[in-house]
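Have the sequence and the 3D view ready.

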Amino acid sequence: MGETSPELQLIGVSKSYPPATRALQDVSVEIFAGESVAIVGPSGSGKSTLLAMLGLLENPDEGRRVIAGLDTDTASERELTRLRRTHISFVFQAFHLLEHLTVTENVLHALQIRGVSGGAARTAATEAIRSVGLQHRSHAKPGTLSGGERQRAAIARAVAMQPRVLLCDEPTGNLDTTTAESVLQLLLAQADAGTAVVIVTHSPELAARCDRTIRVLDGRVHHAAA
């Protein structure tokens, strides 16, 4: 681990949804820069809620959440917006690419939302697309890409901002074995470069490739192994 302080920290976090769903119960987790962490567990165990909590998409009912040293309970909305824009990126199973834009335009669009434009955005987009080996398809639209190419485009979009945290929700779930391996190597390379990479997965093989595994059952973290 590259730092003594975690990039992401949950302390005694609980989350419920009406009428009576206890999604997370007294969860404490630390995730550091430069490590890859798999979150595993059966459907409905709380994996996605945990990922959403780490990514500032959900707020805890109880407990504390500290991201990049910032306590999100006491942070201003401006500080939270800055964290979302500059600190965290997502990769989803469903890709969420804009179908009317090319690969390059999808990456540029994400950069513009985060306040990067002009030459800096173009350079960042080009480098991100090159890093995932998709430069030969940079002018293609998502509808003409294979599943693996679409996922690589989504990864390029996520890493273009060089986030400190990369959160992935079943990123290889719709891919064949060979393509899934290629995508996993790309994600793990981000951890090697210093990013904290968190991957929700049902795949034991994928989890085994990560530095650590966090196992979730009935909203509780039952096991975290190196």
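Q: Which residues touch the most other members of the largest nonpolar core?
A: In this predicted model, that core has 40 residues, and Val107, Leu111, Ile155, Leu166, Cys168, Leu187 and Ile199 touch the most other members. Elements giving two or more residues to this core include H3, H5, strand E7 (165–169) and strand E8 (196–200). H6 provides the largest share, seven residues.

Q: What does Val107 touch, not counting residues up to four places away in sequence?
A: Val107 touches Ala125, Ile129, Ala156, Arg157 and Ala160.

Q: Why does Asn106 count as buried?
A: Buried means under 20% relative accessible area. Asn106 has 3% relative accessibility, so Asn106 counts as buried. You can find Asn106 in helix H3 (residues 103–113). Leaving aside neighbours within four places in sequence, Asn106 is in contact with Leu97, Leu98, Leu101, Pro142 and Arg157.

Q: What makes H5 and H6 roughly parallel to each other?
A: The axes of helix H5 (residues 147–159) and helix H6 (residues 177–192) cross at roughly 10 degrees. Angles under 35 degrees count as roughly parallel, and therefore H5 and H6 are called roughly parallel to each other. Their axes come within 10 Å.

Q: Which residues make the contact of H5 with H6?
A: From H5 come Gly148, Gln151, Arg152, Ile155 and Val159, and from H6 come Thr179, Val183, Leu186, Leu187 and Gln190. By class, this contact has five nonpolar, four polar and one charged residues.

How values were computed: Residues numbered from 1 in each chain as written. Predicted model: local features only at pLDDT ≥ 70, side-chain atom pairs only at ≥ 80, totals over all residues. Heavy atoms only, no water. Helix = DSSP H or I, 4+ residues; strand = E, 2+ residues; numbered from the N terminus. Buried < 20%, exposed > 50% of the residue type's maximum accessible area, 1.4 Å probe, protein only. Contact = heavy atoms within 4.5 Å. Axes fitted to C-alpha atoms, helices over the stretch in contact; angles between N-to-C directions. Parallel < 35°, antiparallel > 145°, perpendicular 65-115°, else oblique. Nonpolar A, V, L, I, M, F, W, Y, C, P; charged D, E, K, R; others polar. Core = buried A, V, L, I, M, F, W, Y, C linked by side-chain atoms within 4.5 Å.
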